[in-house]
Amino acid sequence: MIMNTLISSLVTLAVSAAAVGLVSLLISCLFKYAKVFVHRGAQRIHVGYLIPNSQDQLVFYNGLFPLFRRRKGVVDNSNDIKLEQRNASHNYIEKPQPVGRYDKPSRLVYNASGSLVASIVDGRCRTKYAVDNDIYVASAKGSIASRGQVAPYGAALAALLGTESQKYKNAPDERVGAGDLVLPAAFIFFVAYYGLVQLFGDMQYRYFALAMFATYLLILFILYLIKYSITIGNGTMRWPVLIDENAGMRWVDILLILLAVVLIIVAPHQWVPALTVLIIALVINSINFENQRTIEDPYQGWSGHWRRQPFSPAPSNAPNALNMQSITFSWKEILEKRNVPYDASADNVTIQLPSTYFEGNNPLTRFENPFFQPGLQDESQREAFTNKVLDGVDKTLRAKGTTDVFEDLVLSQIVNSAYEVCVRHNLADFEMFDLILSFCQMNINYKVDEECDSINNIREYYRFASETLYDRTGDCDCKAVLAYKLFELLGVDPRFVIVKANNEDVYNHAAIVLRNDPDARIPLPPQYKEYAPGKGVYCEATSDGRFHPGDMPDNVDFGSIRFVNRTA
């Protein structure tokens, strides 16, 4: 009995395989197309199909069959190749842009700037390869009907696709949203509907309908939670985008809506909720098909409300006597810890500060720092001094009539540079928190106050943020002040705290805590753990980059945390 079943299964499998093979052969004989691949070392990645159209163009699609594909690019009559620009998460699309051309007589592929990208060589079984420095970078296999006429263009297109891939990743991400989940949730609901009818079919119809709509909303909410979790970790949900792409063209939506309306008229009343949900989802998808891929303002946060950009004061025309000093900070080590490739031409930020404000006979910034006078009288004096440092030196200088102020400007440059790094490397918004904290940890050298000649070796000295940047040096309190000012400029609610550390019974360490203020310009992402319920997220600014927001060092007594009240 078992043997007969096994034989029957093998025969069924063989017949099915033969049927699939015959259908594939028939399609290959009847239609002109090429299956396109990009090569990554030994890996070959299928990226789409190149298919001729009635205008003698070759159109690049993500699928083979008309109802289940979306256009991704084109090779026009002049052999110019245009591709859609999109990012790694496949949720931002522009119209096809020229990226290069295929020179058919010489079988060479050039990018848009005219540089040679690859040459096309013959392979076995209607396959053409794109070769760059003796390395296969792409290939395309043509159908029997194409007689090798389409495959060379497919290999050329794939070669350009590989070289353009980094540009796609540089495109910004859309923020977390449920708009692109409405239709996938409806499809899941529709597939599961028969089972739901069996489960809830005995209810009165109005309660049955309410139960069905509630089930759909539950599916949508679950998908949103999944997407939120994946997006917060810089991942992507590709399959909802696939559904949206294939049903996102208006005429397809209209046909499906008309079909659903007809089915509502003729189908049993139990199916009305499912068809209604499908119609509503198709309408929303049709309306939002382009909008859901619109890039939001860079400083638009997780709450989805409009956010203004950080304040970027412009200094007046500074006289040459200020002797502006250029200081460059690099994101290199910070990015390398995240396994993100560093771009030496872009991933740096250069600020300018007047050396006369920090050195010489009249260093204005040093003189305005209350800690510059040696010795502290008592603890209350330390708190007052700290509040003045947290206010920033620009406030004091403006009050005294100084027009050339620089601290807020250079802090804004660092915040904007962190945002540009996020965009350039396709990092999520919340990575800004981590980048800024890592900047304070890794770009400022740790050195105790009494060993710093620049501040006259004063034993206890909290630097202004601009002093820390100018010196590129500071201890825990200096780093914490810098982090405080950067996070404040970003739009969150930072608090400067002092704490007992290293099992000592004195307040010997400084850090910051980010309060989860619902009115903050960029609310805190939920995965950052508070050090105590309702107290805020602890941020350690003194380390080699190993502490992220919410990480709690073992040597810190979190029960001793004391907030320093800022006066302004």
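Helix α16 is mostly covered, with 14 of its 15 residues buried, where buried means under 20% relative accessible area, exposed over 50% and partly exposed in between (1.4 Å probe, protein chains only). This is a predicted model: local features need pLDDT of at least 70, side-chain atom pairs count only at pLDDT 80 or more, and totals for chains, interfaces and linings use all residues. Residues are numbered from 1 along each chain as its sequence is written, and side-chain values use heavy atoms, leaving out hydrogens and water.

Helix α16 covers residues 476-490 and reaches 21 Å from its first C-alpha to its last, close to the expected 21 Å; the expected span is 1.5 Å times one less than the number of residues. Gly 491 follows α16 and has a positive phi, near 115°.

Helices (H or I, at least four residues) and strands (E, at least two) are DSSP runs numbered from the N terminus. Ten strands form a closed barrel with antiparallel pairing, in the order β1-β2-β3-β4-β5-β6-β7-β8-β9-β10; two strands pair if DSSP finds at least two bridges between them. Val 75 stands opposite Ile 81 in β5.

Values for the chain follow.

| Item | Value |
|---|---|
| Helices and strands | 16 helices and 18 strands |
| Buried residues | 49% of the 568 residues |
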